[in-house]
Amino acid sequence: MSSHHSTGFGASKFELGSRSRRAALLAATALSVFTGSGALAADDSANEALLKKLDKMERRIAALEAELKEKESRPPAGVDAKSSPRPASIRSVNATASPPDAKEATDTKQEAKESKGKPEAQSAEAPAKPMLNLPPLPAAGDKPILGLVDSPVPGLSIGAYGEIKFGSAQNPAANGQWQKGFDAQRFVLLPTYAITPNIIFNAEIEFEHAGSGFDNDDKLHGTAEIEQLWIDFKIIDQFNWRAPGIDLVPIGYYNQHHEPTQFYSVNRPELYLGLIPSTWKVPASSVYGTITEDLKYQVMVATSNEDFGDSFDNRTAAKTVPLPGTAYAAGIDGLNGLAFSRPPLGDFQQLNNAVAVAGRLDFTPTFLQGFAGSVSAYFSPNTTPRGAHDDLGNFLGHSSLSMFDAEFRYRVPQTGLELRGEYVRADFSHPENLRANNDSDPTNNVGKSMYGYSGEIAYHVQLGTVLNSEWEAVPFYRYTYQNLQTGGFAGTDANMPTGAGQRQYHTAGFALFPSPKVVLKATYQHVIDKSITSAMSDSFLGGVGFFF
């Protein structure tokens with residue numbers, strides 16, 4: 001059935017409108033001709049030229065009317081993906097700044113590609129190649145449901161990312177023996193819903209290591225968890241509020257940009273495997289905004305990290321660590337950094353009343369094209385859990401945690417060269433009160449501070465069109481040094497630094513992007529430390545990652 005309704009005179013509204021516009025144009029032209037008739041009569045050639053122009057204009061109007069009529073007769077299109085708050089992805093930020101408004105808070109993927117200089121996909125309006133009769137490539141993020149289909153509900157989008165790893169690695173527990181392995185490490189769903197244009201819901205639901213069960217028959221050994229869950233209230237560009245929920249601490253870069261297309265190695269950069277406990281998710285609330293075009297900010301209040309790294313079974317009903325006489329694992333230690341100190345996310349199981357604060361400034365200076373960076377900080381007045389004690393039954397006092405991070409990313413304009421660098425430091429006010437220094441194990445002692453730094457060089461090589469997509473290869477090398485056992489040990493343990501916390505990482509390989517949404521990786525890593533046996537942690541890994 002036609003989408004046009006007939007009028008009482010047998011002509012459509014479209015046709016009447018077209019006739020009125022044409023009549024008005026001809027009337028105006030006639031009036032012009034009449035008032036200037038003396039001049040036209042004096043110049044027959046000018047009159048003839050004007051008539052030709054009028055005829056050409058009328059044909060053009062008729063052609064435009066036909067084109068408009070054809071478009072209006074088409075069935076209505078689905079939801080425009082650009083009106084959806086995500087389809088390009090996470091929340092957590094853009095590749096050059098942390099999330100300062102709802103669009104940036106949900107469009108990380110596209111911005112991340114731009115910051116790394118990835119070639120943009122073809123427009124959805126691009127014509128198909130006539131010789132091959134192939135459909136055009138969709139623009140990145142143009143389909144809000146997993147990059148595949150239009151959303152059935154305006155404002156709803158669902159993204160996803162994930163990574164699969166395989167290869168061979170040394171096992172320090174087996175005297176450095178090389179062992180092959182496979183890990184479906186994670187699959188993450190990213191639902192976003194624009195409740196209104198100013199109220200945006202975001203979540204991140206993660207499945208790790210192939211499943212949430214520990215089943216002998218299905219061979220599962222993983223988890224399912226809420227990694228992010230919050231609602232944004234957009235107020236003005238300079239000030240917006242993120243309601244209490246589960247959010248990522250705005251420190252460093254890869255804690256908020258940890259999708260596998262954002263870094264080139266198979267594993268996440270080494271500074272984020274403990275020193276920064278990525279993914280560092282906490283119960284939190286934030287304000288954020290844009291200060292200037294070049295400067296954005298985020299300020300967060302959050303539940304404090306805890307110096308408790310044991311299971312929930314070892315938390316008492318009084319919400320304390322086990323009573324003296326029962327040992328428990330440290331949350332902060334000189335082998336794993338802060339990896340096990342993140343606060344619980346559910347069921348009021350926190351062992352600490354302290355509230356931490358964190359802040360971040362992102363800068364993308366317009367005078368230095370291709371450059372982006374950030375500085376960020378975190379402070380907790382006390383990481384000591386309730387009832388903390390040493391193995392001799394003595395109770396432990398408080399210990400604060402301060403952290404600072406500075407990082408940059410620079411894609412040199414008009415070249416394939418990319419440079420990245422980062423420095424992070426954590427300081428403890430009273431290391432003598434940390435559990436690692438009082439657990440009868442001197443190998444994991446913690447000093448007054450921990451720190452690390454890294455530098456990376458990469459080069460983007462365009463490979464041309466393969467399988468109807470623009471491919472790109474990125475060979476890279478990254479050097480990382482970190483020291484998790486600096487001087488200043490104190491407590492009941494013997495002050496015997498093992499050297500295992502002082503590590504150098506030489507990481508090299510390449511990332512192959514068949515599309516900005518997919519990456520194939522190969523990485524070799526050589527690890528050096530000052531322990532007696534050396535690190536015995538080298539690896540050669542392959543990986544497949546996606547983010548859409």
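Let's start at one residue: leaving aside neighbours within four places in sequence, Gln-170 is in contact with Gly-176, Gln-177, Trp-178, Met-536, Ser-537 and Asp-538. Keep in mind that this is a predicted model. The protein chain has five helices and 17 strands, and Gln-170 belongs to one of those strands, S1 (residues 156–171).

**The chain as a whole**

- Of the 548 residues in the protein chain, 47% count as buried.
- Take the contacts in the protein chain with a separation of 6 or more: 63% of them come from residues 24 or more positions apart.
- The protein chain exposes about 25600 Å², and carbon and sulfur atoms supply 63% of that area.

- Gln-170 and Met-536 sit 366 residues apart in sequence, yet their C-alpha atoms are 6.0 Å apart in space.
- What does S1 pair with? One partner is strand S2 (residues 177–196), joined to S1 by 15 bridges and running antiparallel to it.
- For an example of that pairing, look at Ser-157, whose bridge partner in S2 is Thr-192.
- S1 and S2 also form a hairpin, with five residues between them. In this turn, Asn-175 has a positive phi of about 60°.
- Strand S17 (residues 539–547) pairs with S1 too, again in the antiparallel sense, over nine bridges. Here you can find Ile-164 with its bridge partner in S17, Val-544.

- Strand S5 (residues 239–248) and strand S6 (residues 281–292) pair in the antiparallel sense over seven bridges.
- Within that pairing, Arg-242 stands opposite Ser-286 in S6.
- S6 pairs with strand S7 (residues 295–303) as well, and these two are antiparallel with eight bridges.
- To spot this second pairing, find Val-287 and then Val-299, its bridge partner in S7.
- S6 and S7 make a hairpin with two residues between them.

**Strand S14 and its partners**

- Is S14 mostly enclosed or mostly open? Eleven of its 15 residues are buried, so S14 is largely enclosed by the rest of the structure.
- Strand S12 (residues 449–459) runs antiparallel to S14, and eight bridges join the two.
- Strand S13 (residues 461–466) pairs with S14 over five bridges, in the antiparallel sense. On this side, Thr-465 stands opposite Glu-470 in S14.
- S13 and S14 form a hairpin with two residues between them, and Leu-467 in the turn has a positive phi of about 55°.
- S14 and S15 are antiparallel partners as well, with twelve bridges. Among the residues involved is Val-474, whose bridge partner in S15 is Ala-511.

- Where is Thr-486? You'll find Thr-486 in the loop between strand S14 (469–483) and strand S15 (502–515).
- Is Thr-486 buried or exposed? Its relative accessibility is 11%, and because buried means under 20%, Thr-486 counts as buried.
- Not counting residues up to four places away in sequence, Thr-486 touches Gly-447, Lys-448, Ser-449 and Tyr-451.
- With Ser-449 there is a polar contact: its backbone oxygen lies 2.5 Å from a polar atom of the Thr-486 side chain.

- Which residues make the nonpolar surface patch? Ile-291, Leu-361, Val-375, Phe-404, Tyr-423 and Tyr-453 do, and the patch is about 480 Å².
- Val-375, one of these residues, has its place in strand S9 (residues 371–380).
- Val-375 is partly exposed, with a relative accessible area of 30%.

Terms used:
Residues numbered from 1 in each chain as written. Predicted model: local features only at pLDDT ≥ 70, side-chain atom pairs only at ≥ 80, totals over all residues. Heavy atoms only, no water. Helix = DSSP H or I, 4+ residues; strand = E, 2+ residues; numbered from the N terminus. Buried < 20%, exposed > 50% of the residue type's maximum accessible area, 1.4 Å probe, protein only. Polar contact = N/O pair within 3.5 Å; in protein donor to acceptor, adjacent residues only side chain to side chain. Contact = heavy atoms within 4.5 Å. Pairing = 2+ DSSP bridges. Patch = residues over 30% accessible without salt bridge, like charges linked within 9 Å, V, L, I, M, F, W, Y side chains within 5 Å. Areas by Shrake-Rupley, 256 points an atom, 1.4 Å probe, with all protein chains shown as cover. Salt bridge = Lys/Arg side-chain N within 4 Å of Asp/Glu carboxyl O.
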